Amino acid sequence: MDARIRAALACVALAACLAGHAAEPSGPLPPIPDRPEAAQFGSAPTPWREHLMAVRAVQDIEDPLERCLAWPDLPGNQWPAGHIEAHCRYHFTPVPSPADVDALLAAGRVADLEAQLAARFEGHGRAHHPDESVHRFFHAFTWSGDTLKGREADRITRRWLELAPDSAFALVARATMLKSRGWEARGSAWAKDTTPAQFDGMRQLFGEAVPLYRRALEIEPGLTDAHIGLVSISTSTVGGSEARLVDDARRVAPGCAEVALEFMEALEPKWGGSYEAMLAYAKVLEPEVTASPLIANQLSAPFVVAIDAMHRRDEFTAEAAQSIDGILAMSSNEAMLGLAATANFRRSDGTDVEDDKAAALLLQAQRFKPLTAFQGRRLGQYLVQREPEWALRVLAAALALEPDSAWGHYHLGGANYNSRRFEEAEKHYLLAARDPDRAGPALVELVGMWMLHAGLAPDDAVRRAGPHLDELLRRHPGHARAQLFALMRDSHLYGQVDRSRLEEWLLIADAADPVQKAMIDNFRAALEADPRS
């Protein structure tokens, strides 16, 4: 075999031509490193490059509220004055946790608990109240399935009500837990797809919750979360009562953003309302935005429902994405941000995607609340090459939500690879390879990592890659990258490779792959220079 062919294989394959570094040990996720501005999001167009760089700059602010307030707003927004501050404070102002409640109950300090909550809720529902975060106190008692969190919510609310049967707060906390169990029993499908047994389970639990909510309102008529709970339950049987719901919403704390949210959801077609009723309620809410700027999120809610329906019909078009831009200018509605990101990451009409913009939209949604597992994987995929250390955080959070996701393991493998955490990368690539659809890409990257980029001595590189290369060849014997890796290995082990194997490989090689393209040119030049080898 021509010496130039051996040199080409050795140079591409092994450490002699690499400036590699030793793998970092497994451990805590690394920080997002300092990089010169020229090295950040270099391919992103204006204004998204500048925006993404500014978002990157706030990621290491530890306090969640401070980070949210410092996070840059989307370019071109027309959000009302005070809207973002209200939105940030809604999500991140500290409120007592179920563990705090449990500790006070265990210490016999029921009166102290009542006093703390009374101070937080004072005036809410009777005027424009500046603190919408109070509602998150009751959210924390939502049943989340038969999990430790769900069982603790059940235990704590039961005990609280036993110790303070006339506490409006205890009544609403217990009712909230029962209501959420009722919704879980029903499921989230449309009525036509819900079984009678599911409806029966829902009604039984709602039947326990409603008297508790009503008793709470007898004790404290201004406790908006009791009204909100009853509205939520009423959506199960709304059917044509949209006008009554709108009237009730105007009567019950018109300046409360949480009431606006719950009433708007009750008007969704899924629960028996209509798109027209949602638009009408949005008109009712418009005058309240100046005094309660967080309510602006509900002005865009009707459009969220309409656009979500378009997406369910696979209508991901450039026209739809443009129409969403106008709605995004209204508010920082997280659901709309997620839909807008989807419309820019994927198009069904063949138009070009705008992945930099889509990433910025998902990051804006993450400003306020954790991403879904799917959203996290999609954002992580965008960041894997551009910002691998940042991608580690995003993908680890997504994998915590769906630990068996092969897609999640594959991209987390890539983020670790690009962060030079090679042992961690191998672990996730192998988990991804359990899925037949991900096995090929995962094993190709894993073999390439050990052979090309881990900075190992040649013998060590071949040894680490060997078992994974054998598995790749077993599963995908015709894969061009797999065959190239086999040529590299055999060249190192035996000092030569048959000319016929090189010629066969050239027939399947993919010139669109940068690694293969370099070898195509080298092999052809060497074969032409020595046709007898």
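**Cores, helix packing and backbone in a predicted model**

Modeller: In this predicted model, the largest nonpolar core has 49 residues, and F41, L379, L383 and W390 are those with the most contacts inside it.

Colleague: What does W390 touch, leaving out residues up to four places away in sequence?

Modeller: W390 touches I32, F41, L52, V55, R56, Q59, L363 and L383. Apart from this core there is a second, separate one of 41 residues, which includes L113, L161, A170 and V172.

Colleague: Why does F41 count as buried?

Modeller: The relative accessibility of F41 is 5%, and buried means under 20%, so F41 counts as buried. F41 is placed in the loop between α1 and α2, and its phi is near 50°, a positive value in a residue other than glycine. In that loop, between α1 (3-13) and α2 (48-57), P47 is also found.

Colleague: What makes the peptide bond from T46 to P47 cis?

Modeller: The omega of the bond from T46 to P47 is near 5°, and the bond is cis.

Colleague: Why is R420 called partly exposed?

Modeller: Partly exposed lies between the limits of under 20% for buried and over 50% for exposed; R420 has 23% relative accessibility and therefore counts as partly exposed. R420 is placed in the loop between α22 (406-418) and α23 (422-432), and has a positive phi of about 60° although it is not a glycine.

Colleague: Which residues meet where α19 and α20 are in contact?

Modeller: From α19 come D355, D356, A359, L362, L363 and Q366, which meet Q375, R378, L379, Y382 and R386 in α20. These residues divide into 5 nonpolar, 2 polar and 4 charged.

Colleague: How do you know that H87 is buried?

Modeller: H87, which lies in helix α4 (residues 83-92), has a relative accessible area of 1%; the limit for buried is under 20%, and H87 is therefore buried. Not counting residues up to four places away in sequence, H87 touches L294, N297, S332, E334 and F368.

Colleague: How many of the 533 residues of the protein chain count as buried?

Modeller: Of these 533 residues, 51% count as buried, in a protein chain that has 28 helices and 0 strands.

Technical notes. Residues are numbered from 1 along each chain as its sequence is written. This is a predicted model: local features need pLDDT of at least 70, side-chain atom pairs count only at pLDDT 80 or more; totals for chains, interfaces and linings use all residues. Side-chain values use heavy atoms; hydrogens and water are left out. Contact means heavy atoms within 4.5 Å. Helices (H or I, at least four residues) and strands (E, at least two) are DSSP runs, numbered from the N terminus. Ala, Val, Leu, Ile, Met, Phe, Trp, Tyr, Cys and Pro count as nonpolar, Asp, Glu, Lys and Arg as charged, and the others, Gly among them, as polar. Buried means under 20% relative accessible area, exposed over 50%, partly exposed in between (1.4 Å probe, protein chains only). A nonpolar core is a set of buried Ala, Val, Leu, Ile, Met, Phe, Trp, Tyr and Cys residues joined through side-chain atoms within 4.5 Å.
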